[in-house]
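I opened this notebook to record what I looked up in a structure that was new to me. The entries follow the order in which I went through it.

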Amino acid sequence: MYWWVPIVVAVIGGPLMWGLSRFDKRNTQQHAENQRVLLRIEGKVDHIDNRLDEHIDYHLKEGL
C-alpha cells in the first residue's frame, strides 16, 4: 500500500469528523431543551388532572 493513503484519509476525514461532532453537540443541546419543556408540560398536566379529580369528587358528593 502507498504511504500517502493514510495522509489523504486524515486530511479528508479530520474536518468531516469535526463537523459531525459539532452537529452532534447541537443536537444533544436541543434534546436537553426539549426534555425540560416536556417535563414542564407534564407537571402542568398532572396539576390539571388533580384539579379535575377534585372537581369530579365534589360533584359526586353533592349529588349524593
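**Overall form**

I looked up the radius of gyration and found 28 Å for the protein, whereas a compact globule of 64 residues would have a value near 11 Å; the radius is taken over C-alpha atoms, and the globule rule is 2.2 Å times the number of residues to the power 0.38. I note that this is a predicted model, in which local features need pLDDT of at least 70 and side-chain atom pairs count only at pLDDT 80 or more, while totals for chains, interfaces and linings use all residues. Residues are numbered from 1 along each chain as its sequence is written, and side-chain values use heavy atoms, with hydrogens and water left out.

Along the principal axes, the C-alpha atoms fill a box of roughly 90 × 20 × 5 Å. I found one helix and zero strands, where helices (H or I, at least four residues) and strands (E, at least two) are DSSP runs numbered from the N terminus. Helix H1 covers residues 5-63. I also checked Leu20 and Lys44, which are 24 residues apart along the chain and have C-alpha atoms separated by 37 Å.

**Surface**

I looked up burial and found that buried residues make up 0% of the 64 residues; buried means under 20% relative accessible area, exposed over 50%, and partly exposed in between, with a 1.4 Å probe and protein chains only. Leu20, in helix H1, counts as partly exposed because its relative accessibility is 46%. Val11 has 56% and therefore counts as exposed.

**Patches**

Val11 belongs to a nonpolar surface patch with Tyr2, Trp3, Trp4, Ile7, Val8 and Ile12, about 830 Å² of accessible area together. Patches take residues with over 30% relative accessible area and no salt bridge, joining like charges within 9 Å and nonpolar side chains (Val, Leu, Ile, Met, Phe, Trp, Tyr) within 5 Å; a salt bridge is a side-chain nitrogen of Lys or Arg within 4 Å of a carboxyl oxygen of Asp or Glu.

I found a patch of negative charge in Glu42, Asp46, Asp49, Asp53, Glu54 and Asp57.

Notes: Accessible areas come from the Shrake-Rupley method with a 1.4 Å probe; for residues, only the protein chains shown count as cover. Lys and Arg count as positive and Asp and Glu as negative; His and the chain ends are not counted. The place of a charge is taken as NZ of Lys, CZ of Arg, CG of Asp or CD of Glu.
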